[in-house]
Amino acid sequence: MNSKVELSRIAKGKKPIYLDGRSIDNLMAMIMTLTQEVSVLRDRLDTIEVLLAEKETISLEDIDNFVPSDDVVMQRKEKRQLLLKRILLPLEKDLEK
Amino acid sequence: MQPQPNHDESVRQDFVTDLRAFLTDEIFSKIVPYYEKNVEPEFVKEQSRKPKDKSEVRDLMLKDKSYQSWSLLQRLSQQMMFTSVIDTVERTLNDLIDRSKLHTSLGTLELDNKVEVPRYLTAYDIHQQPGGYHTEKIEDDIAPGVVYDISLPIYSRNSMGDENDLLSQAIIGHMQKHIKMPEPESILDMGCAIGNSTLPFAKIFPSAEIHGIDVASPCLRYAHARANALGVTAHFSQQNAEQTKFEDATFDLITSCLLLHETSHDALPKIIYETYRLLKPGGWMIHLDVYPFHRETIEPLYDFLKDWEVTNNNENFSGALRNMNLQQIFEDAGFSKETIEFTSAEAIAQYTKGYTGDFYLKLPIYLAQKPKTA
């Protein structure tokens with residue numbers, strides 16, 4: 001039996017500074033990860049809603065085995081695009097100056 | 001051979017695909033007009049001329065917060081891709097390693113722990129893949145190969161094909177259309193990693209012997225398991241393309257996909273000389289890589305943007321490669337001058353899984369033939 005292994009999540013290499021210092025760059029990373037988690041939560045909620053429309057009780061397994069239909073995939077994509085559009089609106093506006 | 005992400009991992013990965021699409025379609029698409037309308041006119045006002053080269057453009061753009069915001073987001077999207085994929089690989093790794101040992105009868109796998117991973121692959125993690133392609137954390141590790149395999153569709157908006165083999169399909173298409181050569185009996189793919197660009201040659205030339213070499217053992221283990229899962233015979237061995245154990249004049253065709261720009265000033269000529277040594281007289285080499293030279297005619301802005309990966313995505317050598325005299329290196333190695341060509345392999349890539357449309361790709365390739373009389 002193999003033991004549980006922990007994989008690295010930070011890449012080795014130069015870390016350029018993009019905005020007004022490392023802490024602002026870090027804030028951007030945090031905001032994007034938070035946005036990702038909002039998206040994950042919303043998709044999970046959506047999965048539960050779709051499943052509950054079909055039967056009264058569902059299990060954790062039902063959620064993990066859920067395969068979204070093409071329609072659901074497209075709807076989620078559109079919602080993610082809207083979420084990103086809202087989050088990144090200030091940048092988009094700056095670039096449209 | 002790929003792991004099954006659980007619900008949240010799967011939609012977390014979907015988010016990264018969509019983030020990358022958004023950054024390209026909605027943000028990056030605005031950079032050029034923004035530069036032309038805002039950044040360049042400021043420069044012209046002060047200097048009474050346009051920026052003359054990419055280094056002047058760089059000075060302007062690295063001070064521009066809007067450009068830098070896109071650049072940072074693009075870099076972060078690469079990091080988010082890897083972290084979202086690594087969650088799945090880490091959780092399922094023991095099972096994946098067990099599965100990788102189930103079917104191994106097709107082809108061979110030869111690892112050699114005396115092969116050192118060169119400094120150009122250990123000094124920094126290329127493409128920002130944490131741990132690079134070579135790091136092993138556990139016995140019979142395949143993790144870096146799996147991470148690479150399931151990242152590619154996210155990276156490419158699912159446009160690399162079901163088996164991530166678009167690049168070598170483009171090489172094969174170019175060969176069939178433009179190169180007069182008998183069907184190769186032996187083929188070597190250098191820097192093969194997980195073999196995604198190796199296997200198409202085995203399928204199109206079923207009677208040929210196909211070899212893939214790389215320095216990264218976990219990728220090679222995964223390559224062999226993956227080839228077996230796909231029912232394809234190929235031989236994978238841990239070797240450095242700068243100096244291999246193959247005998248002189250072993251192969252009719254030697255290829256690489258995106259290998260050369262991950263090497264170094266010293267290593268690249270060695271790889272070309274080794275390619276020459278390993279080719280049979282009349283054999284061909286085809287390396288698919290970045291555009292090999294800076295074109296004088298290119299707009300300074302595009303010249304600057306083309307180098308984005310160099311400083312922002314740990315592709316340190318790809319900028320320097322463009323300044324090397326490859327023509328001279330190929331000639332010095334012995335390749336027939338009149339056969340050396342820097343051209344493009346064409347491919348039609350198709351977005352899938354919720355994205356539609358196809359796009360035309362021109363992939364730079366470097367070709368040369370070993371003289372028939374060599």
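**Close-up views of chain B**

View 1. V16(B) touches S77(B), M80(B), M81(B), S84(B) and I154(B), leaving out residues up to four places away in sequence; contact means C-beta atoms, placed from the backbone, within 7 Å. V16(B) sits in helix α1 of chain B (helices are DSSP runs of H or I, at least four residues, numbered from the N terminus). V16(B) counts as buried because 25 other C-beta atoms lie within 10 Å, the cut-off being 20 or more. Its C-alpha atom is separated by 8.6 Å from that of Y155(B), 139 residues apart along the chain.

The model is predicted, so local features need pLDDT of at least 70 and side-chain atom pairs count only at pLDDT 80 or more, while totals for chains, interfaces and linings use all residues. Residues are numbered from 1 along each chain as its sequence is written, and chains are lettered from A and ligands numbered from 1 in the order in which they are written.

**View 2. The side of chain B that touches chain A.** Here 44 residues of chain B are in contact with 40 residues of chain A. α1 (7–27), α2 (31–47), α4 (65–100) and α12 (308–312) of chain B each supply at least two residues of this side. The most come from α4(B), with 16 residues.

**View 3. The largest nonpolar core.** This core has 104 residues, and V147(B), C219(B) and A223(B) have the most contacts inside it; a nonpolar core joins buried Ala, Val, Leu, Ile, Met, Phe, Trp, Tyr and Cys residues through C-beta atoms within 7 Å. α4(B) provides the largest share, 14 residues. Among the residues that C219(B) touches are Y133(B), P144(B) and D214(B).

Conventions:
Two residues are in contact if their C-beta atoms, placed from the backbone, lie within 7 Å. A residue is buried if 20 or more other C-beta atoms lie within 10 Å of its own, exposed if 12 or fewer, and partly exposed in between; C-beta atoms are placed from the backbone.
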